[in-house]
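I wanted the surroundings first, then the wider chain.

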Amino acid sequence: MQSGAIRPVPNMLARKIFTSDHEAFRETVRKFYEKEVVPNIEKYEKQQHVDRDLWNKAGELGLLCTTMPEQYGGSGVDRLYSMILIEEQAYAMDSSTGFSLHSDIVANYINNFGNEEQKQNWLPKMATGETVTAIAMTEPGTGSDLQAVRTTAVLDGDEYVINGSKIFITNGYLCDMAIVVCKTGNNEKGSANLSLIIVEADRAGFSKGKPLNKIGMKGQDTCELFFDNVRVPKENLLGMEGMGFMMLMKELAWERMLVAIICQAGAEAAFAHTVQYTKDRKAFGKPIGTFQNTRFKLAELRTEIDFCRTYLDRCMELQLEESLGVDAAAAAKYKISDMFSKVVDECLQLHGGYGYMLEYPIARAYIDNRANRIYAGTNEIMKELISRTL
Ligand SMILES: Cc1cc2nc3c(=O)[nH]c(=O)nc-3n(C[C@H](O)[C@H](O)[C@H](O)COP(=O)(O)OP(=O)(O)OC[C@H]3O[C@@H](n4cnc5c(N)ncnc54)[C@H](O)[C@@H]3O)c2cc1C
C-alpha cells in the first residue's frame, strides 16, 4: 500500500508566487497533515467525520482563519496562505477536512459584512477551532437556482423565526454555527428576498441529519440541516435584510478559486503517485514506465497539469490584487476540475487493477474528485457565466 502523503513533481515552469515565509508555513501545514490527518483518514471515512479535536489542533497551529485580521484571532496574512493550506490538503490526498470552507468562506462573510460585535464574537473562536462553521445555501428543491430558496426567516418582535431545511452542507454534522441563506421578503426580484442569518447549532428547533452517504469524500461530514421554528435574535442578521444575494456574490471569484486550487493540487498529487507507481511496477520484465504508451501518457498529463498551473497562479496574482474577474475564476474552476477528473482517470488506468483498490490513494482520488465539478456552482453554471461576458 502506498502512503497518502506525497510531494508533487516540480512544475516545468517554476512557480514564482511564494516567498520564504510562505514556504515555512507550508512546512507547518505539511507536517500537520502528515502527523494528524493522513494516519487517521480511514478512521474518518468510517465514522464519516473528522475527530472534533482535529479542529482545535489546527487552531492551535494557526491553520484556521489565517487571513483574518490579527485583532480577530487571525494572522492577517495574504490569501497565498490559504492556497498553501488547500494544496497541502490535496498533496496529503485528504478530503475529510473542511477547514477551507470555514476559514476562507464563512470567516470572510463575517469579516466583510459582520458588525463589530459579530466579528468579535465569532472570528476568534473560529480561529482557535472552538467553533466549527458551515454555510447553508442548498436545499432539497434548489441548488444552482439560489433565488428559489424556500427556507424562510420571519421577523417576530426582536427575533427571526426560521423554518425550512438545507442539504449537502459541508461541516454540517460538526458545525457549531451555520450561516443560513433565508428568504425574508416577497419581492418580484428574487435576489432582493435573500438574507444571511447566523444560526447557532444549539438553538431549539435546529437539528442535523446523519452525515450523508456520498460516493466519495467519505470523511467529510456533509449533512442535512433542519429548522423547525428556530428563533434567533434579530442581531444574528448578517449585513442588511435583502442583501444576502449581493453578499454571496462578493467573494464568488475567490470561492471558485478555492475549488480550482484543490483540483490543481489534487491532479499534481495523483500524477506524482502515478509516476512513482510506473517506476516501481513491472510487466514483461521491465517497469511499466518504460513503455512508450506510459511515457507519452505521462508527458501529456504533465503538459495539461502545467498549463493549468500557470493559469491558476496568474489568477492568484490577480486575486491578491483584488482584480480577478468572475469569468476568469469561473474558467479556472471548470477547466481545472475537468482536468483533474481526466488526469485522475488516466492515472488510475496506469495503476491497472490496483488503481481500483481503495487502499491505493489513486482510487480514493478518483471518487473524491467527482464532486468538484458539482459544488461551488456546477461547471455548467461556470460556462453560463463565462458566456455572459461575450
Ligand atoms: C460534496 C458536496 C458538498 C457540498 N457542500 C455544500 C455546502 O457546504 N453548502 C451548500 O449550500 N451547498 C453545498 N453543496 C451543494 C452544491 O453547491 C449543489 O449541489 C450545486 O450547487 C448544484 O445544485 P443541485 O444539486 O441542486 O443541482 P441542480 O441545480 O438541480 O442541477 C442539476 C443539473 O442541472 C444543471 N443546471 C442547472 N441549472 C442550469 C442552467 N441554468 N444551465 C445549464 N445547466 C443547469 C446543473 O449544472 C446540473 O448538471 C455541496 C454539494 C456536494 C456534492
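**Entry: the model.** I am working with a predicted model.

**Entry: the shell.** How many residues surround the ligand? I found 16. The closest are Thr138, Ser144, Phe168, Thr378 and Glu380. I then sorted the shell by class. It has nine nonpolar residues, six polar ones and one charged one.

Entry: I looked up which ligand atoms the polar side chains reach. For Thr138, a polar side-chain atom lies 2.7 Å from a ligand nitrogen atom. For Ser144, a polar side-chain atom is 2.6 Å from an oxygen atom of the ligand. Thr378 has a side-chain N or O atom 2.7 Å from a ligand oxygen atom.

**Entry: cover.** I checked how much of the ligand the protein buries. On its own, the ligand exposes 970 Å². The protein buries 64% of that.

**Entry: where the shell comes from.** Which elements give two or more residues to the shell around the ligand? I noted strand E1 (133-136), strand E3 (159-169) and helix H12 (379-388). I also looked at domains. Domain 2 (135-241) and domain 3 (245-388) each supply at least three residues of the shell.

**Entry: the annotation.** What is the helix and strand content over residues 134-230? I read 0% helix and 45% strand there. The end C-alpha atoms of that stretch are 17 Å apart.

Technical notes: Residues are numbered from 1 along each chain as its sequence is written. This is a predicted model: local features need pLDDT of at least 70, side-chain atom pairs count only at pLDDT 80 or more; totals for chains, interfaces and linings use all residues. Side-chain values use heavy atoms; hydrogens and water are left out. A residue is near a molecule or strand if one of its heavy atoms lies within 4 Å of it. A polar contact is a pair of N or O atoms within 3.5 Å; within protein, one must be able to donate a hydrogen and the other to accept it, and residues adjacent in sequence count only if both atoms are side-chain atoms. Accessible areas come from the Shrake-Rupley method with a 1.4 Å probe; for residues, only the protein chains shown count as cover. Helices (H or I, at least four residues) and strands (E, at least two) are DSSP runs, numbered from the N terminus. Ala, Val, Leu, Ile, Met, Phe, Trp, Tyr, Cys and Pro count as nonpolar, Asp, Glu, Lys and Arg as charged, and the others, Gly among them, as polar. Domain bounds come from an automatic or database domain assignment.
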